[in-house]
Amino acid sequence: MVLSPAVCAQGLDSVAENAKPPLQISHQTALKVVVQVNYADTVPNGIGKQVLAVKNLLDQYTRLGMKAGKDYDIIMVFRADGAQFLLTDEAYDAKVKQPHTKGNPNRALLEAMHASGVTMYQCNVAMKLKGYEPEDILPFSRLVVSGIGTLVDLEKSGYVSITP
């Protein structure tokens, strides 16, 4: 293959991709995101990895000056093993068997995310399977009949579904 002098010159003058600034989010309005939180994987301090991923997205939107309810809407659907992250401190201590410090290590982060406009739903199927009661979950979270059914409904309503 023979390259034209213009293509060769362009290649010599270009900056390596990894030396360029990170790409920013190009769509900054009318974003509707639903995040499935369905794993109990945590970082060493006990914060759920999927919870932390949503916090990182929220932080990026905030740094760009985007506003919840105006520029974006984030809904988290906690189901399967991820359901434990919406437990109160008392319920977390009583019902989560993996080693952890006292209380739900996700609670403060989830409260802050809720205060920033993130909506949180708890799957009732997962609650029944795990023996959780409505009073076991954080008061700002809403029960849904089925986490998977809710994901389908939200996708059909124009939300982009992600599972970090």
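This is a predicted model: local features need pLDDT of at least 70, side-chain atom pairs count only at pLDDT 80 or more; totals for chains, interfaces and linings use all residues.
Let's start with Gln84: this residue is buried, at 8% relative accessible area.

Where does Gln84 lie? In the loop between strand 2 and helix 3, residues 89–95. Now its surroundings. Setting aside neighbours within four places in sequence, Gln84 is in contact with Ala40, Tyr92, Val96, Gln98, Asn104 and Tyr132.

Next, the strands. Strand 1 covers residues 31–37. Six of its seven residues are buried, so strand 1 is mostly covered, with the cut-off for buried being under 20% relative accessible area.

Which strands pair with strand 1? Strand 2, residues 72–78, is one partner: the pairing is parallel, over seven bridges. Strand 5, residues 160–162, also pairs with strand 1 in the parallel sense, over three bridges. Look at Val33. It stands opposite Ile74 in strand 2. Val33 also stands opposite Val160 in strand 5.

How does the chain get from strand 1 to strand 2? Through helix 2, residues 49–63. This β-α-β crossover is right-handed.

That brings us to Val54, which sits in helix 2. Is Val54 buried or exposed? Buried: its relative accessibility is 2%, and the cut-off is under 20%. Leaving out neighbours within four places in sequence, Val54 is in contact with Val35, Ile74, Met76 and Met113.

Val54 and Ile162 are 108 residues apart in sequence. In space, C-alpha to C-alpha, Val54 and Ile162 are 10.0 Å apart.

Key: Residues are numbered from 1 along each chain as its sequence is written. Side-chain values use heavy atoms; hydrogens and water are left out. Buried means under 20% relative accessible area, exposed over 50%, partly exposed in between (1.4 Å probe, protein chains only). Helices (H or I, at least four residues) and strands (E, at least two) are DSSP runs, numbered from the N terminus. Two strands pair if DSSP finds at least two bridges between them. A crossover is right-handed if, with the strands pointing away from the viewer, the path from the first strand over the helix to the second runs clockwise. Contact means heavy atoms within 4.5 Å.
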